[in-house]
Amino acid sequence: MKKYTGINDLDSIADTIQEAIKLKENPYQFEKLGQRKTLVMVFFNASLRTRLSTEKAAKNLGMQVTVLHVSDAWELEFEEGTIMNLNTSEHVKEAAQVISQYADVIAVRAFPKLENKEQDESEFVMNSFIKYATVPIVNMESATAHPLQALTDAITIEELKTKKKPKVVLSWAPHPKALPHAVANSFVHMMQELDVDFSITHPEGYELNPAITKNTSINHNQEEALQDADFVYTKNWSNYKAYGKVTSQDPKWMITKEKLGKAKFMHCLPVRRNVVVADAVLDSDRSLVIHQTNNRTFAAQIVLKKLLENSAS
Ligand code: CP
């Protein structure tokens, strides 16, 4: 594997999930693999889980880790051929090559601005790093994808499912701010690849990118959709058609204990209590959110392990 910017970069998703579960049993078994190798994590946006779990994953493999918050560096230019006489001081052409001098793997987090769909979907930040860096790139959440989170969620479902083909429902929930589509997109993509009975529920008008949801079943009646679910994955996203707008904050879509029934609750975090999900769910043993955060380490670790093994071969 030469990069991990989407779940399709994995040779086999099913095998990778099993390998991650094995790694979790003994996280230090490959601690020599990353000796004298450095992971540089480049953050254009805030993070708690991705920042800490990816660093832990790298250190479990014996790597050194450097974190760069882009707000502390020179303002980057991404356009080709532009005359840089305004605010930007350094072109990504140089920056990505420079970071590559200090890194064996570069991980990048760059959210969308949610102002211009075409620009966000061009993934110009992630694609610039892929183009100009001379070492492998890991996506720590880009404009349209969060593949480390999706791998985490697949590991969690595989570990905790009690039937061969569990029913998994992705439910939209309200939120006061305009949030990206990346987590939902990658979760949908991952569920399409697994042997699960998968459907999506959201208010009318809140369709995700149809090129991603494809033939996945969508039900606008949340209570009906959640019936007999084994896993309910909850996430807000802003309107995709009215791009980046918050056109509903309907509190009736919040996940409650009654709606959840016997299902397990999943969310990538951070989560707004009593807006997205009721306290009674998050504080119950049906909530898997902390289990998911632990699995973030092993998702990142299996990805870094594959990248290190590839560069060694
Ligand atoms: N789920 C997730 O990516 O969390 P952070 O934004 O805190 O990294």
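Lysine 241 counts as exposed, at 62% relative accessibility, where exposed denotes over 50% relative accessible area, buried under 20% and partly exposed the range in between (1.4 Å probe, protein chains only). The structure is a predicted model, in which local features need pLDDT of at least 70 and side-chain atom pairs count only at pLDDT 80 or more, whereas totals for chains, interfaces and linings use all residues. Residues are numbered from 1 along each chain as its sequence is written, and side-chain values use heavy atoms, with hydrogens and water left out.

Lysine 241 forms a salt bridge with glutamate 207, with 3.8 Å between the closest N and O atoms; a salt bridge is a side-chain nitrogen of Lys or Arg within 4 Å of a carboxyl oxygen of Asp or Glu. The pair links distant parts of the chain, 34 residues apart: lysine 241 is in the loop between β10 (231–235) and α10 (257–260), and glutamate 207 in the loop between β8 and α8 (210–213). Helices (H or I, at least four residues) and strands (E, at least two) are DSSP runs numbered from the N terminus. Glutamate 207 is partly exposed, its relative accessible area being 21%.

By this rule the count comes to 18 salt bridges. One of them joins the side chains of glutamate 19 and lysine 306 at 2.9 Å, N to O. Because glutamate 19 lies in helix α1 and lysine 306 in helix α12, this pair ties together parts that are 287 residues apart in sequence. Glutamate 19 is partly exposed at 30% relative accessible area, while lysine 306 is buried at 17%. A further salt bridge is formed by lysine 164 and aspartate 195 (3.1 Å, N to O). Here lysine 164 belongs to the loop between α6 (147–160) and β7 (167–172), and aspartate 195 to the loop between α7 and β8 (197–201), 31 residues apart. Lysine 164 is exposed, with a relative accessible area of 65%, and aspartate 195 is partly exposed at 41%.

The protein chain is divided into domain 1 (7–145 + 296–312) and domain 2 (147–292), with bounds from an automatic or database domain assignment. The domain centres, taken over C-alpha atoms, are separated by 25 Å. To the contact, domain 1 gives 32 residues and domain 2 gives 33 residues, contact meaning heavy atoms within 4.5 Å. The two domains bury about 2,500 Å² between them, 67% of it on carbon and sulfur atoms; buried area is the accessible area (1.4 Å probe) that two parts lose on being put together, summed over both. Ile7, Leu114 and Arg296 supply 28% of the area that domain 1 buries against domain 2, more than any other three residues.

Across this interface of domain 1 and domain 2 the rule finds one salt bridge. Lysine 24 and glutamate 159 form a salt bridge in which the closest N and O atoms are 2.8 Å apart.

Histidine 189, found in helix α7 (residues 182–193), is partly exposed at 22% relative accessibility. Histidine 189 touches Ile7 and Asn8, residues up to four places away in sequence not being counted. Threonine 38, in strand β1 (residues 38–43), is buried at 15% relative accessibility. Beyond its neighbours within four places in sequence, threonine 38 is in contact with residues including Met63, Tyr102 and Val105.
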